[in-house]
Amino acid sequence: MAQLTVPSDLGFSPVVDCSELTTREINLAVRELIEKAGATEVVIRNPAARHNLGVAIKAEAELRFEGPVGWYAAGMNCGLSVTVRGNCGWGVAECMMSGRVAVYGHAGSSTAASIRGGSVYVDGDAGARAGIAMKGGLLVVRGSVGYMTGFMMQRGTIVVGGDAADGLGDSMYEGTIYIAGEIESLGADAVEKDLNDDDVAALCAALTPWDTGLEPKQFRKIESGRKLWNFSAHEPEMWKVAL
Amino acid sequence: MTTNGNGDARAAAARPRPSQIWSQQAVEDIWAKATLGRYRIQGGATRRRVPNFDDLTFVPCTLSRLPLEGYRERCETRTVLGTRYASKPIVLDRPITIAGMSYGALSKTAKTALGTAATRLGISTTTGDGGMLPEERAASHLLVYQVLPSRYGFDPDDLKAADAIEVVVGQGAKPGTGGLLLGNKVSPVIAEQRTLPQGVDQRSPVRHPDFVGPDDLQIKIEELREATNWEKPVYVKMGASRVADDVKLAVKAGADVIVLDGLEGATGASPDILLDHTAIPTMCALVEAVQALKDLRMLGEVQLIISGGIKNGADAAKALALGADAVSIGTAALLAMYAGADAYLGEYHQLGVEPGDGTIWHTGHDPAGIATQEPELEARLDLDSAADHVFNFVSAMTMELQMLARACGKAEVHDLEPEDMRALTLEASMITGIPLAGMDTALTPDAIAERVVALLGKDFLSRR
């Protein structure tokens, strides 16, 4: 594979064309450009839904995928600002620590799974288990989300502009889900609470960066009922379902 | 007393025969559940007797084989793990690893002591649910980083700082079910590390948040390799269940090393019904796993670590003889640390147990400061002393392993083989394919059929 060298003051965005490269070569090229050559923006052409692109990069730079990406795109991201112009597979931005990932398309299941920080935006719909086990950060889905979205969420915020399938917020520990559309059903111990001024402010902050056309007042708030936090013999029906 | 005669009176006065169905244990179990309103929870492992390595014995060299000098001649124990894809395989001084146990289930001092001992021994230790402790990383020359379904405390920097990666699909104590850490161990520090509310009964998920099946696992493993530059071995740890299929799927998914945890494996907390009624015993699982690797022609290329109830050098030697590349110890390493717990004997007796009894590990109240998050209890555990005890135990275990290998004429512990053993029970013979002591052939179903045919003639079955 050719060595990539980029001048410090580029004046242009280096391009990595995936057409003839293996996943290993693509990721090495991106790392070389960002981590070693100091590129502040890299464009990835023809990703062709390849899995595991741009994973575990720790840097502050822009990464633009011009096309669909496969599973775990920008997984374990730490500081990158990533844009995907296309759909993405499962687990986009999974376990992200910080940074920003925007998908201008639909996202597969487990979007933003277990992220601890940063923000993820999906302009279309997201599949099942969006925001599962989130430990912080922000997930905004302009469209609808699949079943068990927010399952075992621990912290952070999920904003859903569309509808949610079965089991929204099932077994959440903490965190907040805002939803503008219909909820097919709430999961175990997920409860609806009143929207207050702080919620409106949080929604404004979450929606402002994106052109969603959504208004904070449209949303409802879902949080944990906290009845599953500790074992209790007094609510056997709930525990029968939960355990 | 009675009007029914002297015989009935004597019968009424006699102690009733103990019921084989409604034993005292069964009755107490029902009473406990009637009080709790839920299943029972305990730490440790099953207390059931299952087929195990004690059902095998070595047949050392006599006239037909030449032994090595038991206390003198060199017997190699070096073990290399992760040779399939990783550019930096793990090299152990001996075929023993410390199993994954969480900071949370164990105190920080206990975790650090394990790392300290492992470094002195030239072996690896493993993180657990909750992520990597800086103290543990600093103490451990070789540290395996677990990627668990919960992803509690998961940090890509820690992943990169590890020496190997272990994707945990399950554990032998409770395959098919996630971890459990009751609220009394979810201290402020543990809660923050796991991003959980303090004092919550933490029930970890069993499914990973971002993959569900073996095809997905293949992609996940590639992601982990890409994240770590294809340098680190990727282990897949599974509880022993449908072992043959699971091993083959893990190999297909790209594992460098398979860690198979048998029924006897322990845990910090579990519903006891799962400890007693799920999983395949360690020895049986090992036999299945080795055969699965042979079927794929991957024995040796994908290394196999077996765990679950490994308690001494004999267990390790028998595991290696059956085809394991290394054994992993958890409970045994903890029990070694309890060697210094006699000072708290009275407190343990007040709890109704002896030091090291895992049935109290879930409570968080461990007087010796090992399975606890109570600062005043943890302060009792002297790190250096705890590390010394683990070091001594594993050193002794290694000597035992070498002694058995030398007695069998092997200058390399990995050269031990099934032919070096005999089975002491019929079931062990049938499970392992090793001849029953006193017989020259294994009592496998095929061998039994052959004997029947030899005795009764080929037409026997058709005549019936």
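How many salt bridges are counted between domain 1 of chain B and domain 2 of chain B? The count is 0, a salt bridge being a side-chain nitrogen of Lys or Arg within 4 Å of a carboxyl oxygen of Asp or Glu. Before selecting anything, note that this is a predicted model, in which local features need pLDDT of at least 70 and side-chain atom pairs count only at pLDDT 80 or more, while totals for chains, interfaces and linings use all residues. Residues are numbered from 1 along each chain as its sequence is written, chains are lettered from A and ligands numbered from 1 in the order in which they are written, and side-chain values use heavy atoms, with hydrogens and water left out.

**First stop: the two domains of chain B**

Select residues 53-416 of chain B as domain 1 and 421-463 as domain 2; these bounds come from an automatic or database domain assignment. The contact between them (heavy atoms within 4.5 Å) takes 12 residues from domain 1 and 10 residues from domain 2. Together the two domains bury about 930 Å², 79% of it on carbon and sulfur atoms, where buried area is the accessible area (1.4 Å probe) that two parts lose on being put together, summed over both. Now pick out B:Asp55, B:Leu56 and B:Thr57, which supply 47% of the area that domain 1 of chain B buries against domain 2 of chain B, more than any other three residues.

**Second stop: between the chains**

Show chains A and B together, and select the contact, which takes 38 residues from chain A and 43 residues from chain B. The two chains bury about 3600 Å² between them, with 55% of it on carbon and sulfur atoms. In chain A, highlight A:Met76, A:Tyr173 and A:Phe231, which lose the most area to chain B and together make up 18% of what that side buries.

Next, turn to the charged pairs: chain A and chain B have 5 salt bridges between them. One to display is that of A:Lys58 with B:Asp157, whose closest N and O atoms are 2.5 Å apart.

Finally, colour the side of chain A that touches chain B by residue class: its residues divide into 20 nonpolar (Ala, Val, Leu, Ile, Met, Phe, Trp, Tyr, Cys and Pro), 9 polar (the others, Gly among them) and 9 charged (Asp, Glu, Lys and Arg).
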